[in-house]
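Got your viewer open and a cartoon on screen? Take the stops below one at a time, selecting as you go.

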Amino acid sequence: MTQTAVVQRSLRGFTGAGYDKGRPVWVQAAWFAALHLLFVKWWFPARWRPALLRAFGARVGQRVLIRRGVRIHWPWKLDVGDDVWIGEDAWILNLEPVTVGDDVCVSQNALLCTGSHRRRSVTFEFDNGPIRLAPGSWVAARATVLRGVTVGRGAVVGAGAVAHQDLAPGSVLTTGGASAAPPASFAPSASLKGATA
């Protein structure tokens, strides 16, 4: 029986080497104020959310619906296409760039997490990576997409599932871990338009 080496972690030595927040501290502070005082609030009009993101450097397309409670870490690292839905309490933890294609649905409480750490690093240094959601893909309720993952065109990360590697176009990932091609009758655009964001 082989033994696994145990890392004697020392978080005090963490440096964050290689991570660039992309904006000066005053811009970061201004965004956090806007996020918590306006953007996430139920009374802040949905039609103003894309405009606020654009003001902080995000690229946001047309007819984008962002519900209340959505958290976005750094707007300047966000690129959203046209006709995108982002549901209540979704969290886009974009330490690195997140690209969301046209006609994508990110449902309630979904998490897009570009951040991670090198588990064998004594000081637990970052191991971040970008996320890309191709056009017509769907990240369902309480699903998670991890750093470095591309969700292919028309692919689905099912409710509660965790995508830790790329999904092929048209595939479906479930909580059972199965990733399979959908039935021949599957029409991504029709399916997503009927989804609840």
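**Before you click.** This is a predicted model, where local features need pLDDT of at least 70 and side-chain atom pairs count only at pLDDT 80 or more, while totals for chains, interfaces and linings use all residues. Residues are numbered from 1 along each chain as its sequence is written, and side-chain values use heavy atoms, with hydrogens and water left out.

**Whole chain.** Colour by secondary structure and you get three helices and 17 strands; these are DSSP runs numbered from the N terminus, helices being H or I of at least four residues and strands E of at least two. Of the 197 residues, 43% count as buried (buried is under 20% relative accessible area, exposed over 50%, partly exposed in between, with a 1.4 Å probe and protein chains only).

Zoom in on strand 12 (residues 144-146), which pairs with strand 15 in the parallel sense over two bridges. Which residue in strand 15 is the bridge partner of Val145? Select Ala163 to see that partner.

**Rings.** Show the Phe, Tyr and Trp side chains. The whole structure has eight aromatic pairs (ring centres within 6.5 Å, using the six-membered ring of Trp; planes under 30 degrees apart are stacked, over 60 edge-to-face, the rest tilted). One of them is Tyr19 with Phe126, edge-to-face at 5.2 Å centre to centre and 65° between the planes. Tyr19 sits in the segment before helix 1 (25-39) and Phe126 in the loop between strand 9 (111-113) and strand 10 (131-133), so this pair ties together parts 107 residues apart in sequence. Tyr19 is buried at 18% relative accessible area, and Phe126 is partly exposed at 21%.

Is Ser121 buried or exposed? Ser121 is buried, with a relative accessible area of 9%.

Next, jump to Trp91. The charged end of Arg71 sits over the Trp91 ring, 3.9 Å from its centre (the rule wants NZ of Lys or CZ of Arg within 6 Å of the ring centre and within 35 degrees of the ring normal).

- Asp83 and Arg63, 2.7 Å. Asp83 is in the loop between strand 4 (78-80) and strand 5 (85-86), and Arg63 in the loop between strand 1 (59-60) and strand 2 (65-66). Arg63 counts as exposed at 57%, while Asp83 is partly exposed at 23%.
- Arg68 and Asp89, 3.2 Å. The pair joins the loop between strand 2 and strand 3 to the loop between strand 5 and strand 6 (91-93).
- Arg147 and Asp127, 2.7 Å. Arg147 lies in the loop between strand 12 and strand 13 (150-151), and Asp127 takes you back to the loop between strand 9 and strand 10.

How values were computed
Two strands pair if DSSP finds at least two bridges between them. A salt bridge is a side-chain nitrogen of Lys or Arg within 4 Å of a carboxyl oxygen of Asp or Glu.
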